[in-house]
Amino acid sequence: MLIATRPRVRRSEPVSSPTEEPRPPFPPFDEESARAKVLAAENAWNTRDPQKVALAYTLDTVWRNRDEWVTGRAEVVDFLTRKWERERDYVLRKSLWTFGGHRIAVRFQYECRDAAGQWWRSYGNENWEFAENGLMRRREASINDLRIAEEDRRLHGPRPDGDTSEIPI
């Protein structure tokens with residue numbers, strides 16, 4: 001008698017569908033993989049490409065961003081499209097706060113200007129939870145905004161290659 005067995009899936013090769021390509025590094029996270037995940041998120045968001053950024057999230061991802069709830073990739077794309085239409089010259093820095101298992105917490109700062117030319121610095125914290133395939137299934141962001149003069153800007157473009165410096169408080 002033949003007994004059907006399931007193929008063994010290694011941690012480095014999570015099961016995925018054509019619409020959810022695995023996104024390493026995969027949980028559970030250690031410090032090195034958590035830092036890599038944070039830098040990858042920063043780099044993606046600095047492209048300001050909603051379609052590209054949305055690929056890092058599960059199809060049924062759930063977000064809380066400030067006071068807005070977003071569910072699913074399509075809503076993520078809509079949200080990010082609106083965000084980057086009003087937040088011009090957006091540039092972001094993220095920093096690992098802590099990690100454990102399938103979760104990572106970060107702090108961040110970003111700067112942008114509005115349609116009137118006023119510059120803003122936004123400070124915040126995010127809590128992330130990941131699926132086995134390395135895609136983020138939950139994101140909760142708390143953010144505060146500070147009006148700044150253009151000459152007080154700290155961020156003038158994406159992080160240079162090799163720069164792993166912390167962001168200022």
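Modeller: Helices (H or I, at least four residues) and strands (E, at least two) are DSSP runs, numbered from the N terminus. The model under discussion is predicted.

Biologist: In what order do the elements of the protein run from the N terminus on?

Modeller: The protein has three helices and six strands. Written from the N terminus on, the order of these elements is α-α-β-β-α-β-β-β-β.

Biologist: Among contacts in the protein with a separation of 6 or more, what percentage comes from residues 24 or more positions apart?

Modeller: The protein has 169 residues, of which 43% count as buried. For contacts with a separation of 6 or more, the share from residues 24 or more positions apart is 57%.

Biologist: Which residues of the largest nonpolar core touch the most other members?

Modeller: This core holds 30 residues. The residues touching the most other members are Trp45, Trp63, Leu80, Ile104 and Trp128.

Biologist: Which residues does Ile104 touch, not counting residues up to four places away in sequence?

Modeller: Ile104 belongs to the group of core residues that touch the most other members. With residues up to four places away in sequence left out, its contacts are Phe29, Ala34, Lys37, Val38, Leu96, Thr98, Phe99, Glu126, Asn127, Trp128 and Phe130.

Biologist: Which element supplies the largest share of the lining of the largest cavity?

Modeller: One cavity of 30 Å³ or more is counted, and the largest cavity has a volume of about 50 Å³. Its lining includes Trp45, Tyr90, Leu92, Lys94 and Glu126. β3, β4 and β6 (136–148) each supply at least two lining residues. The largest share, three residues, comes from β3.

Biologist: How many residues in the lining of the largest cavity are charged?

Modeller: Lys83, Lys94, Glu126 and Arg139 are among the residues that line the largest cavity. They count as charged because Asp, Glu, Lys and Arg form that class. Beside six nonpolar residues and one polar residue, the number of charged residues in the lining is four.

Biologist: How many residues apart are Arg113 and Asp89?

Modeller: Arg113 forms a salt bridge with Asp89, and their closest N and O atoms are 2.5 Å apart. The pair links distant parts of the chain, Arg113 lying in strand β4 (residues 103–113) and Asp89 in strand β3 (residues 88–100). Arg113 is partly exposed because its relative accessible area is 25%, and Asp89 is partly exposed at 37%. The two residues are 24 residues apart.

Biologist: In which helix do Glu31 and Arg35 lie?

Modeller: Glu31 and Arg35 meet in a salt bridge of 2.9 Å, N to O. Glu31 is partly exposed at 42% relative accessibility, and Arg35 is partly exposed at 39%. The two residues are four residues apart, about one turn of the helix, and that helix is α1.

Biologist: The bond from Pro24 to Pro25 is cis; in which segment is Pro25 found?

Modeller: Most peptide bonds are trans. The bond from Pro24 to Pro25 has omega near 0°, and the bond from Pro27 to Pro28 is likewise cis, with omega near 0°. Pro28 is found in the segment before α1. Pro25 is found in the segment before α1.

Biologist: In which loop is Arg66 found?

Modeller: Most residues other than glycine have a negative phi. Arg48, in the loop between α1 and α2, has a positive phi near 55°. Arg66 has a positive phi near 60° and, at 28% relative accessibility, counts as partly exposed. Arg66 is found in the loop between β1 and β2.

Notes
Residues numbered from 1 in each chain as written. Predicted model: local features only at pLDDT ≥ 70, side-chain atom pairs only at ≥ 80, totals over all residues. Heavy atoms only, no water. Salt bridge = Lys/Arg side-chain N within 4 Å of Asp/Glu carboxyl O. Buried < 20%, exposed > 50% of the residue type's maximum accessible area, 1.4 Å probe, protein only. 1 Å grid on protein atoms, 1.4 Å probe; cavity = no way out; pocket = protein on both sides within 12 Å on 5 of 7 lines; lining within 4 Å. Points joined across faces, edges and corners; volume = space filled by probe spheres on them. Core = buried A, V, L, I, M, F, W, Y, C linked by side-chain atoms within 4.5 Å. Contact = heavy atoms within 4.5 Å.
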